[in-house]
Amino acid sequence: MTTQIKLEHVSKIFGPKPNSVVPLIRSGKDKQEILAETNHTVGVYDASFDIQKGEMFVIMGLSGSGKSTLIRCLNLLNKPTDGAIYIEGQDITTYNHTKLRLFRQEKIAMVFQHFGLFSHRTILENVEYGLEIRRVSKAERKEIALQNIEAVGLKGYEGKYPSELSGGMQQRVGLARALANDPDILLMDEPFSALDPLIRREMQLELLDIQEKLQKTIVFITHDVNEAFKLGDRVAVMKDGHVVQVGSPEEIIASPADHYISEFIKDIDRSKIFQAEHIMIKPNALVSMKDGLNVAMKEMEENGISSVFVVDRKRIVQGIVTIDDAIEGIKMNKGLPDVLRQDYTLVGKDEYINDLIPKALDSKYPLAVVNEDKKLVGFILRVHVLSGLVADEAVENEAMVSQG
């Protein structure tokens, strides 16, 4: 992947003489010591990390952690007191007024928490606004605006005013307005925090769908750990202006950097974070369509299981055979195709555990996990779905014995 954004030792200090505080930061003094000694507030403290092109990068932290201060450094609404911010290799902290204006118009856009819509403008006019500032022709900006209104699911509302829309719909307008300028980078500062839980979940899914289509680089701010881990390809956790840890949700859960991170993530709903591929068991026992019932029996006996998936040469699932059906089929001189059951359940490897629960409850057999090509890559036992995670290797081995 290509690094699109690179932060090197970025600090942002608020106060009358911020540069005088930089040596104190470099000497290792913390935020509270600096406030007590100088009456200056350190918003961001020596932040360094990279963001890859096309990545959904989430910055997470409690109120006062510095996350909103940091995201505003990325478009220089907050100019860093110290450090450098490289966008595609150029340090934007050195930009003059003209370069900065073009950067904000063409390269980067921001979606705010409280929508920031113009109440006297229609939805179409709100979405057109950035294009209007850039002096795009009326016909072209209308066409672009309508495309983006449709992209966020608001087709038919372009003639309405913000006051006629719900909070979730207003946030969609803000997103459409940001996307209308076709920015490479989208900054989102707690955009869903003012929404009720149901609308918030809908907007999260909407954002994931839009990201799948457009592949923008998105920097997303939230204080909600479940939201962060649901949306983020990688997550940066902040505390008191520091970036404490950066990693994928799985990496942070598996190896928290310190006690603070452990406490921060302890209440996450893991069923909404982990996917089928994280809890599946690789299919060591498989039967091909060219095999017979005796081969199926042998596979089940050798692996201590009571059912086995049957696949074709491309490893596409053709059905499942149980030990009882195999025994009966051999007695009745039947072939493998004659006893195949089709009432098994296929699930995608990227489906969340939370979404697998009703499927596991309805299925009599292990869930068959398939990839994008419908090829079998694993299976999941009911007990694994209902418990959320495989606790350790011992549980996995025990489950293998009791398959089915």
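**Contacts and overall build**

I began with contacts, meaning heavy atoms within 4.5 Å. Of the contacts in the protein with a separation of 6 or more, 65% are between residues 24 or more positions apart. I noted that this is a predicted model, where local features need pLDDT of at least 70, side-chain atom pairs count only at pLDDT 80 or more, and totals for chains, interfaces and linings use all residues. Residues are numbered from 1 along each chain as its sequence is written, and side-chain values use heavy atoms, with hydrogens and water left out.

Next I looked up the secondary structure and found 18 helices and 16 strands. These are DSSP runs numbered from the N terminus: helices are H or I with at least four residues, strands are E with at least two. The C-alpha atoms fill a box of roughly 90 × 55 × 35 Å along the principal axes.

Then I checked the surface. The protein exposes about 19700 Å², and carbon and sulfur atoms supply 48% of that. Accessible areas come from the Shrake-Rupley method with a 1.4 Å probe, and for residues only the protein chains shown count as cover. Of the 404 residues, 50% are buried. Buried means under 20% relative accessible area, exposed means over 50%, and partly exposed is in between (1.4 Å probe, protein chains only).

**The annotated span**

I looked for a record and found that UniProt, in an unreviewed entry, places "domain: CBS" at residues 280–339. UniProt positions are in the numbering used here, feature names are shortened, and annotations may be inferred rather than shown by experiment. In the model, residues 280–339 are 40% helix and 22% strand, and the end C-alpha atoms of the span lie 26 Å apart.

**Pockets**

I needed the rules before going on. On a 1 Å grid over the protein atoms alone, a pocket is an open set of points with protein on both sides within 12 Å along at least five of seven lines, while a cavity is a set where a 1.4 Å probe fits but cannot get out; lining residues have an atom within 4 Å of a point. Points are joined across faces, edges and corners, and a volume is the space filled by probe spheres set on the points.

The largest pocket has a volume of about 990 Å³. It has 32 lining residues, and the closest to its centre are L208, K230, L231, Q275 and Y352. Helix 8 (197–214), helix 9 (225–231), helix 10 (249–254) and helix 16 (353–362) each give two or more residues to this lining. Which element gives the largest share of the lining of the largest pocket? I found that helix 8 does, with nine residues. I sorted the lining by class into nine nonpolar, eleven polar and twelve charged residues. Here Ala, Val, Leu, Ile, Met, Phe, Trp, Tyr, Cys and Pro count as nonpolar, Asp, Glu, Lys and Arg as charged, and the others, Gly among them, as polar.

The second largest pocket comes out at about 630 Å³. Its lining has 20 residues, with R104, I108, A109, M110 and N181 closest to the centre. Two or more residues each come from helix 4 (97–106), strand 6 (108–111), helix 5 (123–133) and helix 7 (167–180). Helix 4 gives the largest share, five residues. By class, I got ten nonpolar, seven polar and three charged for the second largest pocket.

**Cavities**

How many cavities of 30 Å³ or more does the whole structure hold? My search gave two. The second largest cavity has a volume of about 30 Å³, and its lining includes L175, L186, Q211 and K216. Helix 7 and helix 8 each supply at least two lining residues, with helix 8 giving the largest share, four. The classes there are seven nonpolar, one polar and one charged.

**Loop residues**

Most residues other than glycine have a negative phi. I found that N39, not a glycine, has a positive phi of about 60°. N39 sits in the loop between helix 2 (31–38) and strand 2 (41–52). Is N39 buried or exposed? N39 counts as exposed because its relative accessibility is 62%.

L76 also has a positive phi, about 65°, without being a glycine. L76 is in the loop between helix 3 (67–73) and strand 4 (82–87), and L76 is buried at 9% relative accessible area.

My last stop was G116, in the loop between strand 6 and helix 5. G116 is partly exposed, at 43%. G116 and V173 are 57 residues apart in sequence, and their C-alpha atoms are 9.8 Å apart in space.
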